[in-house]
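Hello,

Here is the structure I promised to pass on. Have a look at it first, and then read on for what turned up.

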Amino acid sequence: MSLKKELNQRRRAIEKLKKHCLLHDTNDPLAADTIQYSWQRSTKAQIVSSLQAAPLAKVSENVSALDKALDQCATQLKDIAHQSSMVLAVADQSSQIRWVEASRHMQGASENVHFVQGGQWREDLVGTNALALSLYTGQSSCVFSNEHYLHAIQDWVCYAAPIYHPSTGQVLGVIDLSTTWDQHNSLGILAAERCAQMIQGALREQTKQHLQLSCFGSTKAQLQGKALNLSPRQFEIIAILSLCKQGMSLDQLHQALYGERKVSMGTLKAEMSQLRDLLGGMLGSRPYRLLLDVDADFIELEEALDQGASHSALQLYLGIFLPRTESPFLTAWRDCIESRMSEVIFKIDDKDLLLKHLSHFPDAIDAVERLMELLPEDHPMQQSLLRMQDQ
């Protein structure tokens, strides 16, 4: 049997499976890593399958660690796109394409459906696609032909792989290689994974010159890839300055850190002197500011919320932000983030997504309450959720 005939048979089988799947909603959270469950999520999102192109939005001008890594890999990625007759795209956590290169074979098709810089390929906007599926599952994926939800891209086959931060393990984005369905290759996923590894290698080089902060659940700091032993107060200072990149005067920093507590300016100056030594001198004064790039999970979370990337935000939100801080600035920021996260959680209809969040953050009472709303009253999990709520 010729390859094209075999692929055509596969297309017919997919169409039959899709019709059955959409007629019989299994509503099974355990199927969350399957294309069938993605079809059902797409239907519930009320996406019109005849939609011709993805929405376009202006790309943020903030240069992320992913953008810097792409600059280093651009030449190699362009060569791969042209040599393979594919379109190669890299999207951020919100499924918005940040970088793209199309071969002559795919350029017109990719422009027609807005598979271009700024294209928004979230599943709740365009339905099942490899890029969004990899971000949802955190795994490599292939979406073949009419497995895509939109008719406009059912002539495509797409291979995607998540891009992980080498230090934190967080998903920063996803790489997608796409071509026409009749050019399907069983090595496509491997090619996407190799491209993701290339970008991760560039990210690893960046971390040698960056400060990395993790603040949800537990606190951790790394400078140039090595653990940095900070006191709680020093950690608070760095968090404040990370959120105020323009810098702060001594008075402003004192107010943000201590509020009305009676702590002398001399004490804060001593803290800043010690912190400057720990950071290898990379702490400016007049105003006080960080002189090195900072990658922080709390900054990534805020950006994910601003972009409407609720799935990415839940992946980052692994615990309460600096639960012991008494800093007025940081407690106000924490209250704002918790309010925004709670709003996101109570809009989520995906039970599997909430269960994953609870597995990382069992104290997330809002997720417990939302699950209780979504599950039938006689569901076996209701009792255990009720116990979690009462704790």
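Nine aromatic pairs turn up in this predicted model. One of them joins Phe298 and Trp333 edge-to-face, with 5.8 Å from centre to centre and 80 degrees between the planes. Phe298 belongs to helix α11 (residues 297–306) and Trp333 to helix α13 (residues 328–345), so this pair ties together parts that are 35 residues apart in sequence. Phe298 is buried, at a relative accessible area of 0%, and Trp333 is buried as well, at 12%.

Trp333 also pairs with Phe321, this time in a tilted arrangement: 4.8 Å centre to centre and 55 degrees between the planes. Here the link runs from the loop between α12 (310–316) and α13, where Phe321 sits, to helix α13 itself, over 12 residues. Phe298, Phe321 and Trp333 belong to one aromatic cluster together with Phe216, Tyr317 and Phe361.

Among the residues in contact are Leu253 and Leu257 of α9 and Leu268 and Met272 of α10. By class, the contact has seven nonpolar, two polar and three charged residues.

A word on confidence: the mean pLDDT is 88, and 95% of the residues reach 70 or more. Strand β2 (residues 97–102) has the highest mean, 97, and helix α1 (residues 3–23) the lowest, 77. Please take care with residues 27–33, where the pLDDT is below 50. Where pLDDT is low, the predicted coordinates should not be read in detail.

Best wishes

Methods:
Residues numbered from 1 in each chain as written. Predicted model: local features only at pLDDT ≥ 70, side-chain atom pairs only at ≥ 80, totals over all residues. Heavy atoms only, no water. Contact = heavy atoms within 4.5 Å. Helix = DSSP H or I, 4+ residues; strand = E, 2+ residues; numbered from the N terminus. Nonpolar A, V, L, I, M, F, W, Y, C, P; charged D, E, K, R; others polar. pLDDT = per-residue confidence, 0-100. Phe/Tyr/Trp six-rings, centres within 6.5 Å; stacked < 30°, edge-to-face > 60°. Buried < 20%, exposed > 50% of the residue type's maximum accessible area, 1.4 Å probe, protein only.
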